[in-house]
Amino acid sequence: MKVTVVGAGAVGASCAEYIAIKDFASEVVILDIKEGFAEGKAMDLMQTASLNNFDTKITGSTNDYSKTAGSDVCVITSGIPRKPGMTREELIGINAGIVKMVSSSLIEHSPNTIIIVVSNPMDTMTYLVHKTTGLPKNRIIGMGGALDSARFKYRLAEALGAPISDVDGMVIGGHSDKGMVPLIGKAARNSVKVSEFLSEERMDQVVQDTKVGGATLTGLLGTSAWYAPGAAVSAMVQAIACDTKKIFPCSALLEGEFGLNDLSIGVPCVLGANGIEKIVEISLTDAEKAKLSESAEGVKTTNGLLEL
């Protein structure tokens, strides 16, 4: 299993680190446009191998896509990160050009690869890759829902005073502050619905805190978060590499599922060796359907800004 991570910034380096530490990949290639940056990150990470007990080979490359040849999975994190007060949607003009160039270069050297898109605005960048590469829909996956769901579980555990391992919850919809749809009605603590433990007001607070999870961290850090995004990507890559068939909320191209067409948005997906093996059409309440439809309209509006 060979994995390429494009972008050696904080998110990309975290992706590479978590993938290496889990020791399921034979090689991780980090690529960046800044001279020597990816090579330096790769060397620094390799010097942790004996300490963290992994055998994954990590190599770095300055813009040489031939080093990525034969990659089973490629992760695109490249693009400018959010700055305080900036929405994901404001990034579209710059990042669309970057993602289009990167995806075509990756496919040139790894025509059978599965692409995971992290760059923001993530749903629109995932849609862009679908529209410009011609890859089968199962081999293009947007990361957002896995991260948003992890943040949802964090807030749920906080509200419940419970360990994270006891909590389950999922966020669907667009990967944006307004577009997220945390499924609070389906969230549970060890199979018991959280409504048995929390008041309506507290559950609403959990939902709101989840939706602004990224913006909260951007305000605190002065840039986008990186630990949880890196961990989310590594979990998805592991599901593909090890063919686990685990369900993650991912940005997938919809063709009638959930009553939606011609957009990529977060929905439950089974991930395995073929990428998205199945889109799981879970039952939603009328309120959840309405929120998902509203989220989809927001994503389509952003998609309309693309120059396809």
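Reply: A disulfide is a pair of cysteine sulfur atoms within 2.5 Å. This is a predicted model, and by that rule the count comes to zero disulfides.

Start with Cys-15. The closest cysteine sulfur to its own belongs to Cys-74. The separation is 12 Å, so the pair is too far apart for a bond. Cys-15 is also buried, at 0% relative accessibility.

Now take Cys-242. Its closest cysteine sulfur sits in Cys-250, 16 Å away. Cys-242 is partly exposed, with a relative accessible area of 40%.

Next, a sheet. Strands S7, S10 and S11 form an open sheet in that order, with antiparallel pairing. The edges are S7 (167-168) and S11 (192-193), each of which pairs on one side only. S7 is joined to S10 (residues 188-189) by two bridges, and these two strands run antiparallel.

Last, an annotated residue. An unreviewed UniProt entry marks His-175 with the annotation "active site". His-175 lies in a loop, between strand S8 (171-173) and strand S9 (180-182). Its relative accessible area is 7%, so His-175 counts as buried.

Back to the cysteines: the model has zero disulfides by the distance rule. Cys-15 is buried, whereas Cys-242 is partly exposed.

Terms used. Residues numbered from 1 in each chain as written. Predicted model: local features only at pLDDT ≥ 70, side-chain atom pairs only at ≥ 80, totals over all residues. Heavy atoms only, no water. Buried < 20%, exposed > 50% of the residue type's maximum accessible area, 1.4 Å probe, protein only. Pairing = 2+ DSSP bridges. Helix = DSSP H or I, 4+ residues; strand = E, 2+ residues; numbered from the N terminus. UniProt positions renumbered as here; feature names shortened; annotations may be inferred.
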